[in-house]
2 protein chains.
Amino acid sequence: MKINVMQDVLQANDKIAEDNRQIFRKNRNFVINLMSSPGAGKTLLLEKTAEMLAGKLRLGVIVGDVETTRDADRISKFGIPTIQLTTGNACHLDANMVAHALPHLKLDEIDILVVENVGNLVCPAEFIIGEDHKVMILSVTEGDEKPLKYPLMFHESKLMLINKIDLIQYTNFNLDEAKANARKINPDIDIIEISCINGTGLDRWISWLTDHYQLKQKGLSNA
Amino acid sequence: MKINVMQDVLQANDKIAEDNRQIFRKNRNFVINLMSSPGAGKTLLLEKTAEMLAGKLRLGVIVGDVETTRDADRISKFGIPTIQLTTGNACHLDANMVAHALPHLKLDEIDILVVENVGNLVCPAEFIIGEDHKVMILSVTEGDEKPLKYPLMFHESKLMLINKIDLIQYTNFNLDEAKANARKINPDIDIIEISCINGTGLDRWISWLTDHYQLKQKGLSNA
């Protein structure tokens, strides 16, 4: 008998993800699974997002890291309810880890819940956690060919944020090439160019977030 | 009964890694397992290394990628024997994958074999492949706190290359902080600052490589 361990793992994960999804529906949370390579700028983006959503929509954050609580410490300074998940050696968050975080959040007081995944361009894309959408960040310092080399991440994401646009002049990153590569893998992917340093595109990111939040609310009301 | 799948996997891996190691000893290959985040500059470093070692030591390369043969195509242009391993969904190379590549290389005509791992700061560090040393690249655009957040990679590496030093003025990367963080995890780690764009530190990297190559040759002769 051959046991396909990975298939069993993913099936068990999908079941827990659906439980999470029910909880999010009940609490009317719009949930983003935010993924990228290490150092692509997930945490700084969340700090900017917290600032820009303040007084409009209520943000909550679950942060996954292999070690340290540095990211959660940074985000919680903005008065945002934040849960840190330390994964030990695990290279991604799965639905079960997220499920363990949920009882520690007042979900009925959160509009948008962002789950900041472990910095990794491979494994996080394999695991659904009950999110509405996966959003991924590609920074210009990583190279424009990354969609072809790590296709699953780009295939699974609803939105690609091209970050660190302020650094593009110091790199050989070709924006058109990056977009074409991403669309080869995922023709329908949304793309927004941003910089958390000079503010480029952050208004478009906030619009994307609030538009999709409202879309979910409308869907829940019609259900 | 509880089966620890991961422990079984690692034990099986270690056995194959030891077989690889025997093969490398027989052929007097000095073997580097090169790891980093996606886009930290592994392939460009190998291109520069191929140029600088030309006529001195014979380089061979095994490249692991989730998809595409772009990196192998780049490196083989330098006349270097290069094998591409496409991992599908696997987020790291293991000893068995490397073992499958070895029959396709004329190992007795290679002095230094570099295995370019999948771009990932987590999983590759868990798997030995029969290498003499793990070498990792941290680029300044990723942030100086990474050793604390991804400790295993820094713990397992003999050398940390701090890459993209030419971009440091456009980032908030603190060199002293990065080094201190790495040494908190691994007090004995060697550290070299490099830039493959302006050439900073590449002579030191080549010296490190040739010194450790010679050290292994000496050890093999005395054995």
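Biologist: Starting with one residue, does A:Asp111 count as buried or exposed?
Modeller: A:Asp111 counts as buried, at 9% relative accessibility, where buried means under 20% relative accessible area, exposed means over 50% and partly exposed lies in between, with a 1.4 Å probe and protein chains only. Please keep in mind that this is a predicted model, in which local features need pLDDT of at least 70 and side-chain atom pairs count only at pLDDT 80 or more, while totals for chains, interfaces and linings use all residues. Residues are numbered from 1 along each chain as its sequence is written, chains are lettered from A and ligands numbered from 1 in the order in which they are written, and side-chain values use heavy atoms, with hydrogens and water left out.

Biologist: Which residue forms a salt bridge with A:Asp111?
Modeller: That is A:Arg58, with the closest N and O atoms 3.1 Å apart; a salt bridge here is a side-chain nitrogen of Lys or Arg within 4 Å of a carboxyl oxygen of Asp or Glu.

Biologist: Switching to chain B, which residue meets B:Arg74 in a salt bridge?
Modeller: B:Glu47 does, at 3.0 Å from N to O. B:Arg74 lies in helix H3 and B:Glu47 in helix H2 (residues 42-53) of chain B, so the pair ties together parts that are 27 residues apart in sequence. B:Arg74 counts as partly exposed at 29% relative accessibility, whereas B:Glu47 is buried at 13%.

Biologist: OK, new topic: how can chain B be laid on chain A?
Modeller: A turn of 180 degrees with a shift of 0.0 Å along the axis does it, with an RMSD of 0.0 Å, and that is the relation of a two-fold axis. The superposition is by least squares on the C-alpha atoms of residues with pLDDT of at least 70 in both copies.

Biologist: How many residues does the contact take from each chain?
Modeller: The contact (heavy atoms within 4.5 Å) takes 32 residues from chain B and 32 from chain A. Of the interface residues of chain B, 100% are also interface residues in chain A, so the copies meet through the same surface.

Biologist: How many salt bridges are there between chain B and chain A?
Modeller: The count between them is 4. One salt bridge joins the side chains of A:Lys149 and B:Asp71, at 2.7 Å from N to O. The elements that give two or more residues to the side of chain B that touches chain A are helix H3 (70-76), helix H5 (146-149) and helix H6 (151-156) of chain B, and the largest share, 3 residues, comes from H5(B).

Biologist: Which residues are linked in a network of salt bridges?
Modeller: A:Asp65, A:Asp71, B:Glu145, B:Lys146 and B:Lys149 are linked in this way.

Conventions: Helices (H or I, at least four residues) and strands (E, at least two) are DSSP runs, numbered from the N terminus.
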